[in-house]
Amino acid sequence: GGKPGDGVGKIAPGMEVAFKVVFAPSDKGDYAVDLVVATEREKFIVPVRCVGNKPALDFPDFVRFDPTPVKQWGHVVKTVRNVGAKTARFRLFAPEPFTV
């Protein structure tokens with residue numbers, strides 16, 4: 001028994017039932033809850049995870065230098081852009097003979 005929307009129901013052997021989980025966040029953070037499904041014999045947990053807005057850095061897949069003579073300096077300027085919705089912290093480093 002139970003009314004639609006109250007999370008209670010009966011299901012015959014071999015049948016299936018669909019249910020809707022509604023998510024109405026109060027802010028842009030991450031959410032984690034456990035949906036508990038209980039029967040007369042057992043109880044099991046279904047994790048529900050909702051990921052809020054995150055930082056997202058846009059950076060080229062590779063950096064190409066023009067041919068550079070030995071013992072000379074070559075440089076390339078690239079832009080790192082945060083296209084996400086939160087502040088991103090990052091650190092650039094490279095092994096020798098490169099520096100950032």
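β1 and β2 form a hairpin with 4 residues between them, where strands are DSSP runs of E with at least two residues, helices are runs of H or I with at least four residues, and both are numbered from the N terminus. The model is predicted, so that local features need pLDDT of at least 70 and side-chain atom pairs count only at pLDDT 80 or more, while totals for chains, interfaces and linings use all residues. Residues are numbered from 1 along each chain as its sequence is written, and side-chain values use heavy atoms, with hydrogens and water left out.

**Strands**
- Strand β1 (residues 31–38) and strand β2 (residues 43–50) run antiparallel and are joined by 8 bridges; two strands pair if DSSP finds at least two bridges between them.
- Within this pairing, V36 stands opposite I45 in β2.
- The protein chain has 0 helices and 4 strands, and its elements run β-β-β-β from the N terminus on.

**Overall dimensions**
- The radius of gyration of the protein chain is 26 Å, well over the 13 Å that the globule rule gives for 100 residues, so the chain is more spread out than a compact globule; the radius is taken over C-alpha atoms, and the rule is 2.2 Å times the number of residues to the power 0.38.
- The C-alpha trace spans about 80 × 30 × 20 Å along its principal axes.
- Of the 100 residues, 2% count as buried, meaning under 20% relative accessible area, whereas exposed means over 50% and partly exposed lies in between (1.4 Å probe, protein chains only).

**Aromatic pairs**
- The structure holds 2 aromatic pairs, for which ring centres of Phe, Tyr or Trp (its six-membered ring) must lie within 6.5 Å, with planes under 30 degrees apart counted as stacked, over 60 as edge-to-face and the rest as tilted.
- F23 and Y31 form an edge-to-face pair, 5.3 Å centre to centre with 75 degrees between the planes; F23 is partly exposed at 43% relative accessible area, and Y31 is partly exposed at 25%.
- F65 and F98 form a tilted pair, 5.9 Å centre to centre with 45 degrees between the planes, and this pair links distant parts of the chain, 33 residues apart: F65 in the loop between β3 and β4, F98 in the segment after β4.

- F59 is found in the loop between β3 (57–58) and β4 (81–82) and is partly exposed, with a relative accessible area of 35%.
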